[in-house]
Each structure stands twice: as C-alpha cells, then as structure tokens.
Amino acid sequence: MLVDSHCHLDFDDFAADRAAILERAHAAGVHELLIAAVSEVHWPRVQALAAGYPGVWAAAGVHPNAPEAATPEWEPLLAALAADKVVAVGETGLDYFRSEGDLSWQRERFARHIAAAKATGKPLIVHTREAATDTLAMLRSEGAAVAGGVIHCFTEDWDFAVAALDMGFYISFSGIVTFKKSTELQAVARKVPADRLLVETDAPYLAPVPLRGQRNEPAYVAHVAAFLGALRGVSSQVIAAQTTANFHRLFTSAVAA
C-alpha cells in the first residue's frame, strides 16, 4: 500500500473526475492521501473531501505565496485544525521565488502556523523555495521541532536535509526526483534515512517520469516510489511499506482515527 503524502485534490483541475481519480489511485495501490490546503477558502473543500472518502486526510494552512491579506487569524486557524480528519498544519513556509519586496509578512505567517502546530500538536507541512536559510532559521527560532513535520516536495541540498532531520522533520520526494537533471537531489534521496522518507505527487503539478508534462494525480506516486526504490537499491514494495509506516508515525491523528 502507498500513501500520497501531499496533493491538491481540492483544486478545480480535478472537479470533473475526482471519483475516477480516486479509483485509479486505489488500482495503483495508493489507498491513502493527504490534501494540503493553500488558502483559507480551501479549508471547507479539503475538510469535505476528507470527510467524504475513506483514507483521505486533510491539512489546513495558507501557502506562503497567497497574498499578505490572506494570512489567517488565530482562532479560525485553530478551528480549522480541530475539524475531523485534519491531521496537519499547512501547507506553510517561505517562498522567495514568486514573491518580491518586503516579505516580513511571509515570515509572520509562517510563525503563526508554527505556533498553531505547537498549540494543537499537529505536524507542519513546510514549503520552501529559494528561502532555505530563513526557513531553517525560523524552524529553529520558533521551536518547530516541538511539533515536527515534513519538508514537502524536497529540492534542497544534503546540508539542509541534515538540519531538518536533526529537528525531527521528515523529507518528502515528489516527481522532481525522477527528472533527468535532478542528479543532486537524487544523491540526497539515496541518503535520507528510511524511517524519515515520504513520497508525494503535489498533484496536479510535477508529474513524474514517464508522465512528465501531464496533469499529475495520486496514482502516479507509484512511479516516485519505484524510482526511489531503484535509486536506493530496494524494491518499490519496500519503499511503499517504509513510507506508509512513516506517514502514520508522523500524522498520528490519522492512525488514531
């Protein structure tokens, strides 16, 4: 059994065929998935999808590239995190690639999410892009290790991975690791400890080889697992077992549900 630890099944890209997507996921051995919200208006959607399907979990948060005005107030964020089958805070983090100017509001938003994770005991789903130094600095300064979490769609170097692992975080690989030019990332993927490894699609984005360029969907996480298995010298079944166990260990609310 596989788990897609990060996707956006709530997006309009999937509006016409969500049921078929879930059927294809099951046929590919993907029996669980986590839908990460990117804005407050998406919270009811991810909650409804999680409530409506077995094996579907949700996370509540606001993406770093959402406008400054979209930063959630404290009480609504806590209320969303208390909803049934919401097992994580996110996605959240820092992204200096798409946002410009004074980004202190991004850091304030990230700090609020970290505080919410600590208050609720639910792990963080961290997005970081061209903000490695500040992401690690904030995880340390805000005490994020108390809540733990995952660096999703990992694209950083081994030094970043070690720093995150030292704070108790997991590392999740998406279809990017299968790309021909991702040699440095593949070197990192070989070294991540087996008990801290996760796989994801980030669907509808980043479809893995051999489906690159297509709309991504949870079934395709099987390609990521197979690639990681070959990279690490183990079978895809071993990767599936390891990453499923890791998912349940990290998102303990899912195990208890």
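**Close-up 1. The salt bridge between Glu 217 and Arg 24 in a predicted model.** Glu 217 and Arg 24 form a salt bridge (a side-chain nitrogen of Lys or Arg within 4 Å of a carboxyl oxygen of Asp or Glu), and their closest N and O atoms are 2.8 Å apart. Because Glu 217 lies in the loop between strand 8 and helix 8 while Arg 24 belongs to helix 1, the pair ties together parts that are 193 residues apart in sequence; helices (H or I, at least four residues) and strands (E, at least two) are DSSP runs, numbered from the N terminus. Glu 217 is buried, with a relative accessible area of 3%, whereas Arg 24 is partly exposed at 36% (buried means under 20% relative accessible area, exposed over 50%, partly exposed in between, with a 1.4 Å probe and protein chains only).

**Close-up 2. The salt bridge between Arg 215 and Asp 17.** The side chains of Arg 215 and Asp 17 meet with an N to O distance of 2.9 Å. Arg 215 sits in the loop between strand 8 (197-199) and helix 8 (221-232), and Asp 17 in the loop between strand 1 (2-7) and helix 1 (18-27), so this pair ties together parts that are 198 residues apart in sequence. Asp 17, Arg 24, Arg 215 and Glu 217 are linked in a network of salt bridges.

**Close-up 3. The salt bridge between Asp 95 and Arg 98.** Here the N to O distance is 3.8 Å; Asp 95 is buried at 0% relative accessibility, whereas Arg 98 is exposed at 54%.

**Notes on the model.** Residues are numbered from 1 along each chain as its sequence is written. In this predicted model, local features need pLDDT of at least 70, side-chain atom pairs count only at pLDDT 80 or more, and totals for chains, interfaces and linings use all residues, while side-chain values use heavy atoms, with hydrogens and water left out.
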